[in-house]
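Take a moment to look over the sequence and turn the structure around in your viewer. Then read on and find each part as it comes up.

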Amino acid sequence: MSATGDAATPAPSGGAPTVRGRRELAYAVLLCLAGAGLAVWAATRPWAVEVTARGGLPPIRQDRSGAQLLPWLSALALVELAGGGAVLATRGRVRRLLGVLLALLGLAVAAGGGYGLTAGFVGEVSRQWPALCLLGGLLAAAGGGLAAWRGDRWPAMGARYERRTHPEPTPDGRPAAQRSTRETWDALDRGEDPTVS
């Protein structure tokens with residue numbers, strides 16, 4: 001029983017960083033995508049409604065969305081949305097730099113939402129949409145900040161499919177390309193991967 005316990009002890013410690021890294025990667029991507037998506041949606045809602053009286057005729061109502069009042073807001077939120085997906089496709093220092101950029105974009109989107117909360121727009125002003133834009137920007141900035149802080153420790157997408165630079169020999173010491181067909185089938189029967197080279 002002790003031998004089994006000793007053999008099983010190293011596995012969790014070796015697998016724990018990978019599981020933790022994947023979990024953190026998922027959190028960062030979800031924060032970026034959810035925050036940016038919320039900000040894009042909130043920017044398309046009416047932040048101000050301008051009512052113009054026309055004498056005896058019914059008044060004219062003109063809805064002005066956050067994207068109309070702050071044209072750069074939805075553009076930054078869309079870049080943030082695309083960058084959230086790009087976190088999956090990058091690795092190492094590039095992922096950390098992307099995280100810094102996403103954190104800055106998220107803060108800029110949050111600043112746009114904060115401006116919408118405090119600005120004196122003409123007409124009836126709705127504060128809920130700028131507040132949601134502020135929240136979305138902060139969520140996206142948190143996801144970008146997480147990627148900037150720990151992104152170089154996370155696994156890369158599809159790393160197990162990349163070609164190795166140094167071929168590993170098979171258990172008998174020969175490269176897989178030098179095996180006969182029968183030896184390849186025997187390796188499959190044993191549960192080995194005969195294509196590893």
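Here is a walk through this model, from its overall layout to some single residues.

## The overall picture

Keep in mind from the start that this is a predicted model. The secondary structure comes to seven helices and three strands.

Of the 197 residues in the protein, 31% are buried. The protein exposes about 12,100 Å², and carbon and sulfur atoms supply 62% of that area. Now think about contacts between residues at least 6 apart in sequence: 66% of them join residues at least 24 apart.

## The sheet

In what order do the strands of the open sheet lie? The order is β2-β1-β3, and the pairing is antiparallel. Strands β2 and β3 (124-125) stand at the edges with a single partner strand each, so one side of each has no neighbour in the sheet. Strands of a sheet pair through backbone hydrogen bonds, which can run parallel or antiparallel.

Look at β1 and β2 (residues 57-65), which pair over seven bridges in the antiparallel sense. Here you can find T52 with its bridge partner I60 in β2, and R54 standing opposite L57 in β2. Two residues lie between the strands of this hairpin, and G55 takes a positive phi near 65° there.

## Helix α5 and some of its residues

Helix α5 covers residues 92-118, which is 27 residues. From its first C-alpha to its last it reaches 39 Å, close to the 39 Å expected at 1.5 Å a residue. Its buried residues include R95, L98, L102, L105 and V109, as well as several glycines, among them G99, G106 and G112.

L98 is found in α5. Why does L98 count as buried? Its relative accessibility is 15%, and buried means under 20%. L98 and G151 are 53 residues apart in sequence, yet 9.2 Å apart in space from C-alpha to C-alpha.

In helix α4 you will find S74. S74 is also buried, with a relative accessible area of 19%.

| Residue | Residues in contact |
|---|---|
| V109 | A39, L73, L76, A77, C133 and G137 |
| L98 | G83, A86, V87 and T90 |
| S74 | A43 and A67 |

## Putting it together

V109 and L98 are both among the buried residues of α5.

Technical notes: Residues are numbered from 1 along each chain as its sequence is written. This is a predicted model: local features need pLDDT of at least 70, side-chain atom pairs count only at pLDDT 80 or more; totals for chains, interfaces and linings use all residues. Side-chain values use heavy atoms; hydrogens and water are left out. Helices (H or I, at least four residues) and strands (E, at least two) are DSSP runs, numbered from the N terminus. The expected span of a helix is 1.5 Å times one less than its number of residues. Buried means under 20% relative accessible area, exposed over 50%, partly exposed in between (1.4 Å probe, protein chains only). Contact means heavy atoms within 4.5 Å. Accessible areas come from the Shrake-Rupley method with a 1.4 Å probe; for residues, only the protein chains shown count as cover. Two strands pair if DSSP finds at least two bridges between them. Lists of a residue's contacts leave out its neighbours within four places in sequence.
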